[in-house]
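Have the sequence and the 3D view open side by side as you read.

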Amino acid sequence: MKANWISVLTFIGPSVVLLMIFLVAPIFISLFMSFTNFNVYAMTDWSRAKFVGFDNFVELFQDELFWKALWNTFYCLIIALPVTVGLALLGAVLLNRETTKFKAFFKTSFFLPFVTNTVAISIVWTWIFNPNYGLLNWFLGLFGIEGPNWLGDPKWAMPSIIILVVWKAVGYNAILFLAGLQNIPSYLYEAAELDGASSVQKFLHITLPMLRPTTVFANTMMIIGYLQLFEEPYMLTGGGPLNSTLSVVLYLYRQGFKFFRLGYASSIAVILFLLIVLLTLVRLRLSKEE
Amino acid sequence: MKKPSLITEIVVHAILILMALATIIPFVWMISTSFKAPDEIYVFPPRWIPQHPTVNNYKNLFLSTNFGRPFLNTVIVALSITFLSVVLSSMAGYAFAKFRFKGKDNLFFFLLATMMVPGQMTMIPIFLMLKQFGMLNTYAGLILPGVASVFNIFLMRQFIGSIPDELIEAAKMDGANEAFIFFRIILPLTTPALTTITIFTFTGSWNAFLWPLIIAQSEDMYTLPVAVSVLAGQYGENLGMQMAGSTIVIIPVLIMFLFLQRYFIEGIAFTGLKG
């Protein structure tokens with residue numbers, strides 16, 4: 001129906017004004033700030049910030065810590081994404097079987113980590129990973145395995161963070177996949193059975209292709225989420241040891257809110273945004289080609 | 001369909017039980033440790049149920065670190081964001097779904113596109129803006145940036161879009177105004193979507209960390225996640241107290257989830273299938 005302007009403004013006005021102030025304007029200001037040397041001196045007097053062209057980006061590309069942070073973040077994404085998808089898919093397929101018992105219980109328990117506060121559960125995991133008193137090494141010890149110094153060893157610190165990241169994400173994705181599975185019409189399976197297809201064949205030729213929209217959505221959400229890795233390394237390791245768990249957002253936080261190099265931090269934010277857009281587009285392009 | 005063999009059933013359930021244990025054990029251990037005295041915490045093998053349960057960790061938390069204040073702050077902030085966001089998003093969602101006005105589609109697609117922008121990009125300008133207006137370390141600074149949500153507007157628009165236009169037209173014929181239509185016809189029909197965005201927004205703002213970490217600069221403005229992260233630094237060796245703190249942050253949302261999980265799960269399925 002055609003609406004008069006007064007009701008349009010009443011209904012969308014408040015949201016649009018807030019979004020302009022707290023979302024749209026900041027996006028452009030952030031872009032602008034990435035070309036300035038806005039620093040701790042400019043905090044009290046904005047006029048001290050100078051336009052410096054691409055200086056921040058030039059510095060960023062020569063900044064070893066930034067490359068380290070970028071590498072660590074991709075390391076997390078590249079390992080955590082397929083592991084999350086694999087476990088979530090496994091959980092969803094098993095929950096979708098007709099003869100599986102206690103479905104409600106399993107669903108509820110898988111989902112718990114998703115609604116759980118990351119900061120608080122990170123404190124719990126810090127102690128689970130503790131090499132001397134931790135549950136994980138005690139558990140490995142039962143099988144005669146001597147567990148590593150998880151968070152203290154530069155080789156194991158990132159894998160530890162990935163364990164927590166995956167632990168938090170599997171349930172949410174399992175629910176997504178379960179919804180996707182339940183959306184597959186059962187006559188497809190019945191027809192395949194008549195043709196004598198095995199379970200594996202049905203999974204490969206019906207389930208996976210039919211799940212593709214869900215997979216693309218889940219992948220996209222994971223790319224966006226994992227690239228913003230922050231709370232887990234902030235709490236578990238503070239980025240250490242030897243910067244082995246420094247993530248892009250943790251580095252941005254440090255530059256912006258520890259050293260108040262807000263111009264430089266803005267350029268990190270711009271790169272992060274470009275990476276998210278780029279990877280999302282690549283993922284969507286891949287799904288079109290499949 | 002042919003019946004799966006007993007072995008298949010056993011393997012399937014064993015895998016599911018292992019996965020469930022992996023998710024549940026950290027919670028069980030957190031709660032159990034929060035009721036342990038120091039001498040029982042480092043006992044191996046771990047005791048899942050404390051032999052001499054004590055509430056001292058909780059007492060210390062509220063007496064020596066004044067954990068009540070961040071709890072109150074979090075309740076105030078999370079409830080305010082949730083209430084304002086649900087009201088404003090459902091209004092905007094209704095307008096985007098049912099009103100016809102110039103530039104509507106362009107505006108909506110523009111807003112959708114901003115969903116790809118990471119929060120860290122807007123954080124620095126908002127921080128400077130609030131600093132300029134003297135709103136750092138205030139409730140307004142914690143609440144206002146979190147109110148407008150493109151995701152909530154999108155979800156409400158999708159849901160309200162499925163309500164037939166005839167219902168609204170008929171009400172108009174009877175002389176109902178926009179406010180009446182919105183509150184008495186649209187809102188009652190969107191209860192599932194309203195519940196979904198309410199619990200998602202509440203959970204999100206209860207758990208928010210980076211923004212409160214930046215905006216809350218004195219202890220009396222800390223939210224729970226900030227307070228518990230500071231606790232981990234200050235009482236690094238006091239495991240019992242840390243677990244009590246973590247339990248207090250985690251449990252309220254967990255209880256809400258147990259009661260309303262149908263809406264959580266339907267909400268996620270909805271975004272997944274429409275996404």
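Start with helix H13 of chain B, residues 224-234, which is mostly covered: 8 of its 11 residues are buried. Helices here are DSSP runs of H or I with at least four residues, strands are runs of E with at least two, and both are numbered from the N terminus. A residue is buried if 20 or more other C-beta atoms, placed from the backbone, lie within 10 Å of its own; 12 or fewer make it exposed, and anything in between partly exposed. In H13(B), the buried residues are Leu224(B), Pro225(B), Val226(B), Ala227(B), Val228(B), Ser229(B), Leu231(B) and Ala232(B).

A word on the source: this is a predicted model, in which local features need pLDDT of at least 70 and side-chain atom pairs count only at pLDDT 80 or more, while totals for chains, interfaces and linings use all residues. Residues are numbered from 1 along each chain as its sequence is written, and chains are lettered from A and ligands numbered from 1 in the order in which they are written.

Now look across to chain A. The axes of helix H5(A), residues 118-128, and H13(B) come within 8 Å and cross at roughly 25°. Angles under 35 degrees count as roughly parallel, so these two helices, H5(A) and H13(B), are roughly parallel to each other. Where they meet, Val119(A), Ala120(A) and Ile123(A) face Pro225(B), Val228(B), Ser229(B) and Ala232(B). Contact means that the C-beta atoms, placed from the backbone, lie within 7 Å.

Step back to the whole interface: 73 residues of chain A are in contact with 74 residues of chain B. Helix H1 of chain A, residues 5-33, gives the largest share of chain A's side, 16 residues.

Val228(B) also belongs to the largest nonpolar core, which has 149 residues, and is among those with the most contacts inside it, along with Cys76(A), Val165(A) and Ile268(A). Such a core is a set of buried Ala, Val, Leu, Ile, Met, Phe, Trp, Tyr and Cys residues joined through C-beta atoms within 7 Å. Its largest share, 17 residues, comes from helix H7 of chain A, residues 154-182.

Finally, chain A has 13 helices and 0 strands, and 41% of its 290 residues count as buried.

How values were computed. Contact = placed C-beta atoms within 7 Å. Axes fitted to C-alpha atoms, helices over the stretch in contact; angles between N-to-C directions. Parallel < 35°, antiparallel > 145°, perpendicular 65-115°, else oblique.
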